[in-house]
Amino acid sequence: MVYGVCRHAAGRRQEPMTIDQAVQCLWMFFLVLGPLAAWLGWRRVAASRRLRFFLLRRAQAVEGWRAILLGVLLVLLATLVWRLGRPAAYAILRPTPSITPTATPTPTPTPSAVPTITVTPGISLTPSITPTATSTPTPQLPERLVLFFQETVTPRPDVLFSPVLVTDRLNAGNLAVDPREEFSDPPRTLYGAFSYENLQNGVRWTALWYFRGEVVCYESKPWDGGTGGSGYTDCAPPDGWRVGDYEIQMFVGLTWKVTGRFAVLSVRPTATPTPSPRVTPG
């Protein structure tokens with residue numbers, strides 16, 4: 001059973017397990033084996049009382065109490081893994097930071113020479129419009145949010161975020177269950193799950209949910225989740241989800257860290273009530 005849960009946590013495509021998934025599988029392994037060993041030990045102690053010979057009865061009882069003690073130790077190990085496993089794993093194995101895209105300006109094309117017509121003068125050729133160079137700028141916080149920032153804690157320069165995974169369900173460890181890039185008839189609330197490292201309590205963090213350049217959800221507050229682990233941001237647009245592409249931008253302080261994208265393919269239509277006919281007395 002534990003092996004099947006661990007395979008499901010690794011994903012349907014058999015991708016490598018993350019640190020959080022490995023810690024969760026180890027915790028479940030100890031949590032299942034501990035009570036099982038204690039139960040088998042208790043059955044062995046109870047069975048020893050029915051033996052006639054003292055030496056056999058004592059040997060079987062000792063084995064049963066050893067199994068009970070092993071079960072208690074496994075439950076204690078499961079508790080330690082649940083409380084200390086994730087911080088210890090992140091202290092030893094650092095997550096790989098996401099690659100920050102840099103804006104690459106497109107060079108302006110050199111205008112070509114216009115050929116001269118030597119035949120009978122006619123309508124002169126009008127030069128075509130020269131394309132303007134475009135670039136993808138680094139995301140910035142809206143000015144209306146920056147004006148209200150009054151921060152006392154400066155973010156560390158080595159803050160790391162994993163890619164944002166969008167899902168409609170989270171498990172007990174704030175990990176995404178069945179994350180997707182496309183949603184059909186999504187529920188009222190969607191979640192953007194991520195892992196982080198080197199954050200400080202009190203540092204301002206901000207999550208912006210965009211739809212066609214318009215902010216539909218945002219949250220901005222001091223961080224209180226510790227230096228490493230798993231977190232999430234959630235969104236339930238006041239007007240509901242609309243068909244199209246969405247983007248999630250994550251900031252620490254005034255610095256952009258990571259962007260996640262997903263699409264809504266269809267939205268379940270909302271039923272409108274039909275007015276009942278009213279009878280007017282004559």
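Me: What should I know before I start, and how are residues numbered?

Reply: Residues are numbered from 1 along each chain as its sequence is written, and side-chain values use heavy atoms, with hydrogens and water left out. The model is predicted, so local features need pLDDT of at least 70 and side-chain atom pairs count only at pLDDT 80 or more, while totals for chains, interfaces and linings use all residues.

Me: How many helices and strands are there in the chain?

Reply: Helices (H or I, at least four residues) and strands (E, at least two) are DSSP runs, numbered from the N terminus. Here you get four helices and nine strands. Read from the N terminus, the order is α-α-α-α-β-β-β-β-β-β-β-β-β.

Me: What share of the residues is buried?

Reply: Buried means under 20% relative accessible area, exposed means over 50%, and partly exposed is in between (1.4 Å probe, protein chains only). In this chain of 282 residues, 32% are buried.

Me: Which strands pair with S4?

Reply: Two strands pair if DSSP finds at least two bridges between them. Strand S1 (residues 160-161) pairs with S4 in the antiparallel sense over two bridges, and Leu 160 has Glu 197 as its bridge partner. Strand S2 (residues 165-167) is also antiparallel to S4, over three bridges, with Leu 165 partnered by Ala 193. Then S7 pairs with S4, again antiparallel, over eight bridges; there, look for Tyr 191 and its partner Asp 234.

Me: And in what order do the strands of the open sheet come?

Reply: Five strands make up that sheet, in the order S3-S9-S8-S5-S6, with mixed pairing. Its edge strands are S3 (182-184) and S6, each pairing on one side only. From one strand to the next, the twist averages 20 degrees (axes are lines fitted to C-alpha atoms, for helices over the stretch in contact, and angles run from 0 to 180 degrees between N-to-C directions).

Me: Where can I see parallel and antiparallel pairs?

Reply: For parallel, take S3 and strand S9 (residues 255-266), which pair over three bridges; Ser 184 has Ser 266 in S9 as its bridge partner. For antiparallel, strand S8 (residues 244-252) is joined to S9 by nine bridges, and Phe 251 is partnered with Trp 256. Strand S5 (residues 204-211) and S6 are antiparallel too, over eight bridges, and Trp 209 stands opposite Cys 217 in S6.

Me: Which residues have a positive phi though they are not glycine?

Reply: Most residues other than glycine have a negative phi. Look at Asp 185, with a positive phi of about 50 degrees. Asp 185 sits in the loop between S3 and S4 and is partly exposed, at 30% relative accessible area. Arg 212 has a positive phi of about 55 degrees. Arg 212 belongs to the loop between S5 and S6 and counts as exposed at 69%. There is a glycine to look at as well: Gly 253, in the hairpin of S8 and S9, takes a positive phi near 65 degrees, and that hairpin has two residues between the strands.

Me: What does Thr 227 touch?

Reply: A contact means heavy atoms within 4.5 Å. Leaving out residues up to four places away in sequence, Thr 227 touches Tyr 196, Glu 197, Asn 198 and Leu 199. Thr 227 lies in the loop between strand S6 (214-222) and strand S7 (228-235), and is exposed, at 52%. Thr 227 and Gln 200 are 27 residues apart in sequence but 5.6 Å apart in space, C-alpha to C-alpha. Across the chain, of the contacts between residues at least 6 apart in sequence, 66% join residues at least 24 apart.

Me: How much of the accessible surface belongs to carbon and sulfur atoms?

Reply: Accessible areas come from the Shrake-Rupley method with a 1.4 Å probe; for residues, only the protein chains shown count as cover. The chain's accessible surface comes to about 19,700 Å², and 60% of that belongs to carbon and sulfur atoms.
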